[in-house]
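The sequence and structure come first.

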Amino acid sequence: MGRKRPSDCPSLLRQPSINYALATVSDASLSDQMDLSFDLVAALDHALLGAAGRAGLTGTGFVPGVRTADAVHGDFQANGALAYAKQQRQNPRTVAQALVEQLGDLAPLFDVSVAGPGFINLRLKPTALFAWIAAHGTRAALAAGAAAAEKDHTVVVDYSSPNTAKQMHVGHLRSAVIGEAVCRLLEFSGATVIRDNHIGDWGTQFGKLIWAHKRLLDPAALTRDALEEFERLYKLGNTAAEADPAVLKEAQQELVKLQAHDPENLALWRHIGEVSVAAFQDIYEQLGIRFDLTLGESFYNDKLEPIYRELAGCSLATESEGAQVVFHPEHPRFKTQPFIIRKSDGAANYATTDLATILYRTERLHATDVFYVVDKRQSDHFEQLFLTARKWFERTNRPLPRLRHLDFGTVLGENGKPLKTKSGDNIRLKELLAEASERSYQLVTAKNPELPEVERRTIAQIVGVGSVQYADLSQNRSSDYVFSWDKMISLDGNTAAYLLYAVARIYSIFRKLDLRPADPASEAGASPFETPAELALARKLVRFPDALGAATNHLRPHFLCTYLYELAGEFSTFYNADKVAVTEAPVRARRLLLCNRTLLLLETGLQLLGLRTLTRM
RNA sequence: GGGGCGGUAGCUCAAUGGAUAGAGCAUCGGUCUUCGAAACCGAGGGUUGCGGGUUCGACCCCCGCCCGCCCCGCCA
């Protein structure tokens with residue numbers, strides 16, 4: 001039917017911008033009007049294509065292959081000549097040379113050369129570096145540059161998704177942190193993002209919980225910590241039911257009543273849900289998360305019947321061992337491993353709800369993309385879900401959004417096993433974040449005892465929570481990672497504290513000079529960058545769009561983390577090598593310009609990751 | 001048994017099919033009368049699990065094997 005499959009939907013790859021002004025620049029002298037594209041890779045790609053046309057490389061598709069280069073070779077490189085030469089049985093260096101001869105328009109901006117077997121190296125001239133940096137001096141300018149990439153997308157991001165009546169624990173950390181970062185990245189790139197908390201608010205556990213709630217509730221404990229009390233009640237209900245068949249029966253009847261919408265049980269269930277969601281807010285606020293929707297499993301209760309009918313109606317669902325299941329005969333595994341959409345007792349399960357959710361998000365929310373930030377152990381489930389949804393939508397003639405499982409690995413303890421308390425319980429998120437703050441507080445107090453206590457507490461909260469977030473984000477999300485307080489709160493290495501310190505130090509410079517970073521006057525009269533440290537920092541600044549693009553296209557925040565860490569490192573080197581507060585006005589202005597842009601990119605980047613920043617720490 | 005993901009420096013991790021595989025920690029050696037030393041500079045450290053293959057070029061793609069973690073019918 002030609003309907004979109006997950007693998008060939010329009011990708012999130014950035015569309016090259018076409019409104020760059022490279023070709024109009026014909027004067028190497030410094031010009032405030034020099035307007036360089038936000039995405040220089042895309043601009044160069046286009047320039048190379050033009051050059052290929054003029055050089056007569058019109059055969060079958062010349063691909064420029066522009067990418068950022070190792071700094072020893074330049075700022076960018078184009079590798080397309082190699083593949084083209086191979087394909088056309090020509091000498092790659094000759095092809096590269098021919099291309100370079102057609103790149104005269106770039107001469108005011110780049111030093112262009114051919115190296116090795118046929119690489120084209122492009123190094124920004126100091127004036128061009130300066131012009132790019134001058135042109136991208138505000139958050140708005142960055143956002144405007146980035147916003148083209150995803151502008152036609154409406155993305156539903158399904159993340160966090162804890163269960164009501166239970167504490168959030170460390171197992172919920174990554175979904176929340178990665179999900180939020182992904183949302184912010186997509187928004188910055190112009191997508192309409194709908195944050196949906198698909199909470200687990202329906203299930204058989206409510207029978208035992210309601211049974212215990214009616215008999216064993218401690219109102220004072222409920223006020224003190226509602227989730228803790230719900231957990232206690234559930235455990236009581238569970239042990240009582242295990243010990244006494246009569247209790248089990250009563251609990252099952254409570255569940256039946258709830259499912260039959262008995263007013264009392266329904267009200268109680270609703271109350272539990274509301275109290276739970278309210279309790280989650282504390283965690284979400286600390287992590288900078290605000291959902292647009294909280295549509296839990298129960299929301300879909302009355303939307304499940306049509307799913308059964310449709311799946312049976314279009315010959316997808318079949319009966320197996322008393323359950324309704326979907327097999328995928330063409331799939332080596334799922335031809336025998338069923339996707340159970342209705343249990344043999346007639347009840348729905350998460351597969352059914354997930355299918356109903358896809359329908360809702362498509363028809364009601366008009367999603368073009370749905371991303372699930374869920375633990376990688378559920379990858380089979382999502383593969384079956386997407387396969388089933390695709391066939392179902394095909395057969396019912398509906399457009400299918402791009403569905404994608406953003407999987408992530410497990411948080412491990414130092415012993416290499418999933419992180420738990422010493423006694424083997426789940427570590428509560430609330431306590432984990434509190435410990436992060438406390439450890440940071442000890443550190444701040446040791447480093448800066450003269451700061452007022454209130455300020456040290458605020459700093460500790462931001463550094464502590466940020467450290468946890470950053471430790472999670474800075475690692476490839478697909479792999480497991482070892483949780484280590486010492487590493488994540490550390491001042492050294494790729495950590496939140498290192499980045500936040502760089503930010504604080506830049507603010508400190510401006511304070512010392514009695515200037516404000518946002519004030520353009522501090523940069524007025526800046527001369528082009530000269531020293532090795534200035535140039536290295538400037539070159540790093542120009543790579544921001546590339547890092548942002550990599551993180552957004554792959555939905556992997558660690559690409560941005562790596563960049564921010566390198567940027568902060570480049571700044572520290574510059575800071576140690578070149579004094580900013582010199583008397584010579586043009587030199588001072590250009591160094592302030594570098595400080596200002598580094599600050600802008602660090603703060604923008606950290607905010608996109610979900611972290612808050614500080615002006616002193 | 002079937003499948004997924006991983007194996008890169010002593011440790012924790014990076015690396016768009018590109019050039020000499022990079023960081024941090026740890027180790028060793030330097031730098032504070034100068035904008036915040038929570039910093040910076042330098043050194044040593046590698047058969048990218050093993051064996052084949054594809055390619056001008058492979059940590060990356062393909063095949064086989066070894067090891068680890070995870071998933072595989074009515075939990076989510």
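## Domain arrangement

The C-alpha centres of domain 2 and domain 4 are 38 Å apart in this predicted model, where local features need pLDDT of at least 70, side-chain atom pairs count only at pLDDT 80 or more, and totals for chains, interfaces and linings use all residues. Residues are numbered from 1 along each chain as its sequence is written, chains are lettered from A and ligands numbered from 1 in the order in which they are written, and side-chain values use heavy atoms, with hydrogens and water left out.

Chain A is assigned domain 1 (22-146), domain 2 (154-201 + 293-406), domain 3 (211-276) and domain 4 (435-609); the bounds come from an automatic or database domain assignment.

## Contact and buried area

In domain 2, 15 residues are in contact with 23 residues of domain 4, contact being heavy atoms within 4.5 Å. About 1,700 Å² is buried between domain 2 and domain 4, 68% of it on carbon and sulfur atoms. Buried area is the accessible area (1.4 Å probe) that two parts lose on being put together, summed over both. Arg174, Leu185 and Phe188 supply 36% of what domain 2 buries against domain 4, more than any other three residues.

## Salt bridges

Two salt bridges are found across the interface of domain 2 and domain 4, by the rule of a side-chain nitrogen of Lys or Arg within 4 Å of a carboxyl oxygen of Asp or Glu. Lysine 376 and aspartate 480 form a salt bridge through their side chains (3.4 Å, N to O).
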